[in-house]
Amino acid sequence: MSAAARALKSVSRAAFSWKQTGRPQQTLAAAVSRSGVGLHSGAHATATLLPAHAGEGRYFVVEGRDDARVAAEVGNAEAQSLLCTTLRWGGGGGGGPRVRTVEHLLSAMEALGVDNCRVEVSGGDEIPLLDGSAQEWVEAIQSAGLCAAEDSSGQKLEKLSPEIHEPAYLQRDDCFVAAFPSSQIHITYGIDFPKVPAIGCQWFSTFLDANIYSSKIAPARTFCIFEEAEKMRGAGLIKGGSVENAMVCSISDGWLNPPLRFKDEPCRHKILDLIGDFSLLAQNGNQGFPIAHIVAYKAGHALHTNFLSRLLGKITVDQEKLDGKC
Ligand SMILES: [Zn+2]
């Protein structure tokens with residue numbers, strides 16, 4: 001039996017259920033926006049975060065397509081998103097409006113408890129990369145403030161959270177995502193770049209709450225390997241990537257734009273991305289990140305969202321193709 005086939009049986013819908021938290025769903029107390037360059041398009045874009053009703057969850061509206069709310073749910077994740085997480089209205093495989101590079105904003109909203117939010121995107125279809133971390137999103141959310149969300153009849157709704165009951169994992173080659181029962185959210189992440197000595201093998205493990213997120217995870221910037229980035233740029237990709245919004249590491253020369261904010265900043269950034277991707281488990285304004293100990297090694301956006309799809313029992317044909325990619 002192949003590794004992929006074994007993995008199919010390892011993540012099952014029975015592994016989790018929704019649990020009451022005793023806390024109300026929240027939303028922003030005021031609107032707030034941030035502007036900047038999009039990683040892929042290089043275009044100057046603006047994302048405006050607006051309060052939303054309880055039960056609406058987090059969703060995106062692209063300028064000129066007010067008719068299409070792109071819900072931040074795993075069923076809308078694009079299967080081929082290797083460099084970033086893309087959401088598409090009507091499902092990942094369709095031709096509806098899309099929003100790209102959503103993961104850092106979603107990560108901050110999930111960690112800080114912005115359960116319901118309308119995000120209006122103008123100047124393109126991409127969320128601005130800002131400094132490559134989630135720090136500016138955390139500051140934006142803190143400046144707007146949070147409040148209990150109400151539904152259209154003025155009622156508050158209790159927030160539910162997904163809870164893992166039994167170990168579950170998804171593996172592809174030496175990359176994996178695993179979830180273990182735990183009374184608190186705990187995340188452990190490993191990366192290994194044997195050909196890039198300045199990064200090498202790193203592990204980072206932490207409990208998660210809003211304070212830990214804001215101080216230890218949100219400031220960690222995205223990173224790239226200089227030689228790979230040059231190839232992508234030659235292929236017309238990452239037009240907005242620069243030393244202003246990513247840490248750049250050369251195979252032979254090490255970090256090209258020091259200093260790092262943490263010695264293990266790349267590994268911490270992978271946790272930032274994981275939280276953003278796992279926020280897509282949220283539905284109807286409930287929590288996305290499961291109460292569990294999540295352990296991931298050399299995973300990426302595709303493996304993260306594929307794991308969630310299996311947990312929900314929603315495997316699409318496109319996602320099956322991802323078995324060849326981490
Ligand atoms: Zn990232």
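**A strand pair and its surroundings**

Tutor: Let's start with β3 and β4 (residues 44–51), which run antiparallel and are joined by 6 bridges. Strands here are DSSP runs of E with at least two residues, helices are runs of H or I with at least four, and both are numbered from the N terminus. Two strands count as paired when DSSP finds at least two bridges between them. Keep in mind that this is a predicted model, where local features need pLDDT of at least 70 and side-chain atom pairs count only at pLDDT 80 or more, while totals for chains, interfaces and linings use all residues. Residue numbers run from 1 along each chain as its sequence is written.

Within that pair, Val-37 has His-44 of β4 as its bridge partner. Step back and you'll see the pair sitting in an open sheet of 5 strands, ordered β3-β4-β9-β5-β6, with mixed pairing. β3 (32–37) and β6 (70–71) are the edge strands, each pairing on one side only.

Helix α3 lies across β3 and β4, running at about 160° to β3. Angles are taken between N-to-C directions, from 0 to 180 degrees, using axes fitted to C-alpha atoms (for helices, over the stretch in contact).

α3 (residues 135–144) also packs against α2 (residues 103–112), at an angle of about 45° and with the axes 9 Å apart. The two helices are therefore oblique to each other; under 35 degrees would be roughly parallel, over 145 roughly antiparallel, and 65 to 115 roughly perpendicular, with the rest oblique. On the α2 side the contact uses His-104, Leu-105, Ala-108, Met-109 and Leu-112, and α3 brings Trp-137, Val-138 and Ile-141; contact means C-beta atoms, placed from the backbone, within 7 Å. By class that's 7 nonpolar residues, 1 polar and no charged ones. Ala, Val, Leu, Ile, Met, Phe, Trp, Tyr, Cys and Pro count as nonpolar, Asp, Glu, Lys and Arg as charged, and the others, Gly among them, as polar.

α6 (residues 265–278) and α7 (residues 301–311) pack at about 35°, with axes 9 Å apart, and their crossing is right-handed.

The cut-offs are 20 or more for buried, 12 or fewer for exposed, and partly exposed in between. Leaving aside neighbours within four places in sequence, Lys-270 is in contact with Tyr-189 and Ile-191. Its C-alpha atom is 9.1 Å from that of Ile-217, 53 residues away along the chain.

Zooming out, the protein chain has 8 helices and 19 strands, and buried residues make up 47% of its 326 residues. Of the contacts with a separation of 6 or more, 76% join residues 24 or more positions apart.

Terms used:
Two residues are in contact if their C-beta atoms, placed from the backbone, lie within 7 Å. A crossing is left-handed if the near helix is turned anticlockwise from the far one by less than a right angle, and right-handed if clockwise. A residue is buried if 20 or more other C-beta atoms lie within 10 Å of its own, exposed if 12 or fewer, and partly exposed in between; C-beta atoms are placed from the backbone.
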